[in-house]
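The entries follow in the order I made them.

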Amino acid sequence: MAYTQSSQADKPELHDIQGLIVNGYTHPCSVHMLFKFNKDISNLKYIRTFFKDLLPYLQSAEDWGPLKPEIMLNIGLTALGIAIVKPELNVPKSNFSTTFKKGPWDPNNAQQSLGDSGPGLPGDPSKWWNNKFKNEDVHCVVHAYAMNPTAQERIVGIITDAAEKSNGMVTELKPLDSETGRLEQYLLVPSDYVHFRYRDSIDEPELNDNPAGKDQQDLNNFLIGYSTLKNPTPGPLSGPEAKFAKNGCYNAFRILYQDVEAFNNFLEEQSELIAPKINKTKEYTVEWLAAKMCGRWRNGSPLVLSPENPEHSTSKSTDFGYLANDMKGLKCPFSAHTRVANPRDEGVDTAGADIVPRIIRRGMPYGPPMSVEAKADRGLIGLFLCGDLSSQFETLYGWININNFSNVFPPANAAPQDPLIANRFNIPGAIDPNFTIPMEDGTNIVIKGPLPQFVVTRGTAYFLLPSISSLTEIAEGGS
């Protein structure tokens, strides 16, 4: 079936779109369960039964009314998973993107931007999932949400029962060294903060109801099958895979360990040295340095709006830019994490690109805080939603690892890195390992690198979040 462009954009079919794409859930409990399918398609009926048992709890993007569902779920499939449950699509030869088909561990594609791979790097794909299973074993993810721990136990029981009924065709994969081994949300206090004590998920694209247009926040950049542009994306755009993928969205699912001890020690040690230079107390300098690394104070206040202190009035502000009043980086350093991930109106100029790609991020912490268990595994479960894995998610990650996307970075010099989450790979002469903070008096505070590896990738998978009708089709064995 060929993809057909319409001259006028259709309204999104919310009843057929998985809710996770359009809505940011606020359920306090979630579990993100990974599964492997047996490749023996002669017994595909058992995998179909697994999907059929989950369908009643599948949440659409329609308004659920005044009461949130007590339990609900959404489902994603890797290219390898789709190849098993929909063999007629011939995924290896299909029009799905090379990036999606090859996966995030591929050294010649995704890893050129993600930068996890390399000798001695702690986040190398050969070490993902704590070596409990292979990258190629990940075929399906079930994102389960609940209003309380009892309800979470119930939805997890429903999912595990469905897998256990599959006659060995569906096997749960458990990546963590924890009591359950599962990727479970840990409710930190305050609830919208992460382990590094930053407020999280403040600035997200506000998806427009009308998907037509060139704005990076338009739905046509995320939902498959809606673009009215001359060169439409996302895809696939033709063949039976286009029909299967319509109303779907891609999810770069990434597990990021956060080394809280290393981060806290770094702030303490560097603040001891910096405090006399800025004539501030060490306590203030710790928070000042954390803000300079992130681009926001830990309460969420952007440095551009609140350069001296965090303010409640700006703690969730998103309406600001850099072009008018911070093109010297005196308020927010050029390499600060939030400035790299969204340079706004700063201007970008890399490989002919002149736009800032956007992604939708659904993130939640896993693992207890240091105060509960100092040596526990902890970090972030990151769901990075996009229409094109390469031009959106991987482009931004490439900028994080190598800050060379804007004219604020001198092109002749070695490129700096995001001080918070970049992979500290060593390319002599190409990477500036230092973190530079421009100052009002014309000098710079330079923290000599390489900086510690504060964030380590524990695993990554590229999923398609198919439409509800496509998941129903899998469950019922139709086409």
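**Helix pairs**

I looked up helix H2 (residues 44-54) and helix H12 (residues 468-476) and found that their axes come within 7 Å and cross at roughly 135 degrees. That angle makes H2 oblique to H12 (under 35 degrees counts as roughly parallel, over 145 as roughly antiparallel, 65 to 115 as roughly perpendicular, the rest as oblique). Axes are lines fitted to C-alpha atoms, for helices over the stretch in contact, and angles run from 0 to 180 degrees between N-to-C directions. Helices (H or I, at least four residues) and strands (E, at least two) are DSSP runs, numbered from the N terminus.

I note that this is a predicted model, in which local features need pLDDT of at least 70 and side-chain atom pairs count only at pLDDT 80 or more, while totals for chains, interfaces and linings use all residues. Residues are numbered from 1 along each chain as its sequence is written, and side-chain values use heavy atoms, with hydrogens and water left out.

I listed the contact (heavy atoms within 4.5 Å): Arg48, Phe51 and Lys52 in H2 meet Leu471, Ile474 and Ala475 in H12. By class, the contact of H2 with H12 has four nonpolar, no polar and two charged residues (Ala, Val, Leu, Ile, Met, Phe, Trp, Tyr, Cys and Pro are nonpolar; Asp, Glu, Lys and Arg are charged; the others, Gly among them, are polar).

Next I took helix H8 (residues 260-278) and helix H9 (residues 282-294), which pack at about 110 degrees with axes 8 Å apart. H8 and H9 are therefore roughly perpendicular to each other. The residues of the contact of H8 with H9 divide into 11 nonpolar, three polar and three charged.

**Rings**

I counted 21 aromatic pairs, where rings of Phe, Tyr and Trp (its six-membered ring) pair if their centres lie within 6.5 Å. Phe196, Tyr198, Phe263, Phe266 and Phe454 form one aromatic cluster. Phe263 and Phe266 are also among the H8 residues that meet H9.

I then checked charges over rings (NZ of Lys or CZ of Arg within 6 Å of the ring centre and within 35 degrees of the ring normal). Arg254 lies over the face of Tyr397 at 4.4 Å from the ring centre, and Arg344 over that of Phe320 at 3.9 Å.

**Backbone**

Most residues other than glycine have a negative phi, and most peptide bonds are trans. I found a cis bond from Val189 to Pro190, with omega near -5 degrees. Another cis bond joins Gly235 and Pro236, with omega about 15 degrees. Pro190 lies in the loop between strand E5 (183-184) and helix H7 (240-245), and Pro236 lies in the loop between E5 and H7. Asn167 has a positive phi of about 60 degrees.

Definitions and conventions:
Rings of Phe, Tyr and Trp (its six-membered ring) pair if their centres lie within 6.5 Å; planes under 30 degrees apart count as stacked, over 60 as edge-to-face and the rest as tilted.
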